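Subject: Structure handover

Dear colleague,

Please find the structure below. My notes on it follow directly after.

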Amino acid sequence: MTDQEKILSNDYYDLITDYVLPEEIRARAGGYVYQPISGEIGVTYMNRASIPLPMSVSNFTYSVIPKLYGLMQTPQETFDPTALLRSGITQVQGDALNLTGRGVVIGFLDTGIRYDEDVFRNPDGSTRILGIWDQTIQTGEPPAGILYGTEYRKEIIDLALQSENPREIVPSYDENGHGTAVASVAAGSVLRSGLAFTGAAPEAHIVMVKLKQAKQHLREFYLIPEDVPAYAESDILVALRYLESYAISLSRPLVICFGLGTNMGDHEGISIMADYLNQIATRRSRAVVVCGGNEGNSAHHYLGTATEGLSETTDNVEIRVEESIRGFTAELWGCVPAQHAIAIRTPGGEITPKVDFREQSSREFEFVFARTKIQVDHVLVEPGSGEELIFFRFINPVPGVWTIQVTISGNGKGSTFHIWLPLTEFLQSDTYFLRPSPYTTLTEPSNVREVITTTTYNDANGSFWSESGRGYTRTGRIKPDICSPGVDISTALGRRTGSSMAVALASGASALFLQWAVVEENRPRVESRELKNYLIRGATRSAGEEYPSREWGYGRLNIAGVFDVLAGV
């Protein structure tokens, strides 16, 4: 079996590592494939048959198991320039500054791109796409330093566009449409057909990664339905490496537009991928822009608080399961120094004994009447965050109200715990908390410290979009940074709504600033952290609102306002 076949095979685990396994372990495991990312960060593909233990949080380190990410947009069915105007984009595209993203690369990791669309072409018909790496096609050459997929460069894309059957030459295609819509909002050019349309940075160059679907064993582990798009963190990490290396090879400023999200993780922006995102974001001429997700109104977050003055507090966390489903996962994150014990009550009244975890362990509960199995993994000190983690897998839960009785002991003042259910798209039916909290609902990786995080508002009436994720992070660090339009946004494929539309606009606006700062050498050493603060200074803030806020961050995106501040207006 070749290295490429091992990477793609469901018989091999994808393991995210920040260390290189010694050769003796490789030999004992019967061989594995290692895909380096940066420094000691990489993805290890290991034969499942060589590992005697099943995949679980207890058997593996939590950070090693790739989390699964979903799409952050809903399609809808006339170009409306209002979002560009509200964001100050139209103003800086005008004669005074003439900012169009020229000389800047915007990188996307998504469902691919319909490269033959007019919005991705120059006036002469040639493509503005510098490269497409399609992780799903294995018939051509992968990018340099990467072991799978096929790369299509600008030259071959131009050749395809000149032929009668472009897909015979470049077979990569965006069947879903999400990536095409996001790219058109961020970097779509004026349509050659004469129809009114433009993206935020219509002369920026584009690099697209078409992500492959997650392996079956990861879908089974997270109990995610077969027909739902789901992308593994391991493949996303390699995509980030490709985008970053492309910018390095061209010596161009790079904006990474991250239009995916997950409810998995500590919601503090701590992970191996977060470390890599921070590395990229703090390099010169880089910006990483991340959407805050669509989970604010989903009832998938629970906040529990210990009663001050009591040595022990019990909280009954109720989860409604509307109909029979295959299952779902949940993650409880505690707060040092408190410890947490749990008991689980079925809708029919059966209850498990209270389990007081003292060390990393795994338990499995079965019930007489519920015909449900619940697997619970406990990590007292999760290595990345240092916090307590309890990971639940509800397998074939019967409909009704399930109760997790959480007992908090040894708590300090104001000790809290959080529980998150999966993304709405990852659940097969309405499954939700009966007493949810709409806050701390930003999806990962939008809690990563150095990235630019945007939530979503409706520019038609100026209201915050109710579905948008809300801050702050789990420990109260300020996120989001800004809020961008994302409701009923014009794309090359019709109107769409979601936080991925908001991040597309913010990414395009960031490309405009990098053109002015780096390409035109007004602030040639700028990086994501500085750009974030420029965007904060230029943001529109309403009288009567307090900033920063959990919804708006430091205000609404206004790139024209940034230049007003720079000009002393």
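Threonine 456 is buried, since its relative accessibility is 0% (buried means under 20% relative accessible area, exposed over 50%, partly exposed in between, with a 1.4 Å probe and protein chains only). Threonine 456 lies in strand E25, residues 452-458 (helices, H or I, of at least four residues and strands, E, of at least two are DSSP runs numbered from the N terminus). Leaving out residues up to four places away in sequence, the contacts of threonine 456 include Phe464, Trp465, Cys483, Pro485, Val487 and Ala502; contact means heavy atoms within 4.5 Å.

The model is predicted: local features need pLDDT of at least 70, side-chain atom pairs count only at pLDDT 80 or more, and totals for chains, interfaces and linings use all residues. Residues are numbered from 1 along each chain as its sequence is written, and side-chain values use heavy atoms, with hydrogens and water left out.

E25 pairs with E13 in the parallel sense over 3 bridges, where two strands pair if DSSP finds at least two bridges between them. Cysteine 291 has threonine 454 in E25 as its bridge partner. Strand E13 (residues 286-291) has 6 of its 6 residues buried. Arginine 286 in E13 stands opposite leucine 254.

On cysteines, the count of disulfides is 0, taking a disulfide as a pair of cysteine sulfur atoms within 2.5 Å. For cysteine 257, the nearest cysteine sulfur belongs to cysteine 291 and is 8.0 Å away. Cysteine 257 is buried, at 1% relative accessible area, whereas cysteine 335 is partly exposed at 27%.

There is also an open sheet of 5 strands, in the order E18-E17-E22-E15-E24 and with antiparallel pairing. Strand E18 (355-356) and strand E24 (431-433) are its edges, each pairing on one side only. Within the sheet, E17 (residues 339-345) and E22 (residues 400-409) run antiparallel and are joined by 7 bridges. Alanine 343 stands opposite glutamine 405 in E22.

Last, the helices: which residues of H12 meet H13? They are Tyr534, Leu535, Arg537 and Gly538, and their counterparts in H13 are Ile559, Gly561, Val562, Val565 and Leu566.

Regards
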